[in-house]
Amino acid sequence: MQEGLAGRAAAAAAAAADGALSGQRLLTNYKLLLLLIKQMEHAVPGQKPAELDDPANVQLRAKRAVARVADEIGVPSEIVVSSLEEIADAYLDIGLKGNPTNARYQQQLSDLEKVSAEVAAWGEAEIDPHQAGSALLIARSAFLTFNCGRIILEDLLASLTDLRALLCQWTDSAESNRSEASKLAWLLDGWSVILGIWKSAERFGTSSAIREMAVLVPTMPLEVSNWIGGQEEQITELQGRRSKFVSRLEDWRTGRALELIERNELIVRNFV
């Protein structure tokens, strides 16, 4: 019964998101095509930027750009088009520089930075040492995740500055490039719910929200330090801090199933 409540909320949210996801995919693909045109075209005096040109002209310019890439990397144009679509799918939640598509992971990184500061400020004013410690765990974990995510995002966006090279790599080893693009998703896994809890904290109580968030803070493996070239000491310290606090908070969580279901349904509908 309880699972059914949460399931219906998730199903409703998923149905509402289908149209938005389709539009996001088309927008990302279109923005990548505009970027490809910009990178592959020779400068022509008086020619409009592709984003300001007529749709028919943009289509012609895109075909020329695709054909030029295909010729330079030695594959059919159809392979370039399909690879560009695959890159658009891989970058759907990552987005592009400046976030013109309002990509989810760039927004989550921004939210992590903000929540880290807000939770840290709340913890500094808290008298209860356990609550203050939980807030410190959340704030430090959120900020470390933000910092690591920012580095990974910068590397991924840098790949888009030379789409010809990325397309060449993609046609040669698509799976390896998908794996690289998935690192940000892997790093941010679990944080959308935590961010949603904080956004709904006033409704359900900040103290309860802090305890619940601390339980849900993901453990960051040391492997992340290899991806970004550092932060090993900070990751190890937070792993120990998480073990210290979470075992105490698990008992508090028991017996609050109905309240948590109501809260989680709100999060699914509005934040995830």
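Helices are DSSP runs of at least four residues, numbered from the N terminus. In this predicted model, Ala-65 lies in one of them, helix α2, which covers residues 55–73. Is Ala-65 buried or exposed? The cut-off for buried is a relative accessible area under 20%. Ala-65 has a value of 2%, so Ala-65 is buried.

The surroundings of Ala-65 were examined next. Residues up to four places away in sequence were not counted. Ala-65 then touches Leu-36, Ile-37 and Met-40. Glu-41 was compared with Ala-65 by C-alpha position. The two residues are 24 residues apart in sequence. In space, their C-alpha atoms are 6.7 Å apart.

Burial was also examined in helix α9, which spans residues 191–199. Seven of its nine residues are buried, so helix α9 is largely enclosed by the rest of the structure. The buried residues include two tryptophans, Trp-191 and Trp-198.

Attention then turned to open space. Rolling a probe the size of a water molecule over the atoms shows where empty space is left. The second largest pocket has a volume of about 490 Å³. This pocket is lined by 22 residues. Closest to its centre are Lys-31, Leu-34, Leu-35, Lys-38 and Glu-51. Which helix gives the largest share of the lining of the second largest pocket? Helix α1, residues 2–40, does, with six residues. By residue class, the lining of this pocket holds eleven nonpolar, four polar and seven charged residues.

Terms used. Residues are numbered from 1 along each chain as its sequence is written. This is a predicted model: local features need pLDDT of at least 70, side-chain atom pairs count only at pLDDT 80 or more; totals for chains, interfaces and linings use all residues. Side-chain values use heavy atoms; hydrogens and water are left out. Buried means under 20% relative accessible area, exposed over 50%, partly exposed in between (1.4 Å probe, protein chains only). Contact means heavy atoms within 4.5 Å. On a 1 Å grid over the protein atoms alone, a cavity is a set of points where a 1.4 Å probe fits but cannot get out, and a pocket is an open set with protein on both sides within 12 Å along at least five of seven lines; lining residues have an atom within 4 Å of a point. Grid points are joined across faces, edges and corners, and a volume is the space filled by probe spheres set on the points. Ala, Val, Leu, Ile, Met, Phe, Trp, Tyr, Cys and Pro count as nonpolar, Asp, Glu, Lys and Arg as charged, and the others, Gly among them, as polar.
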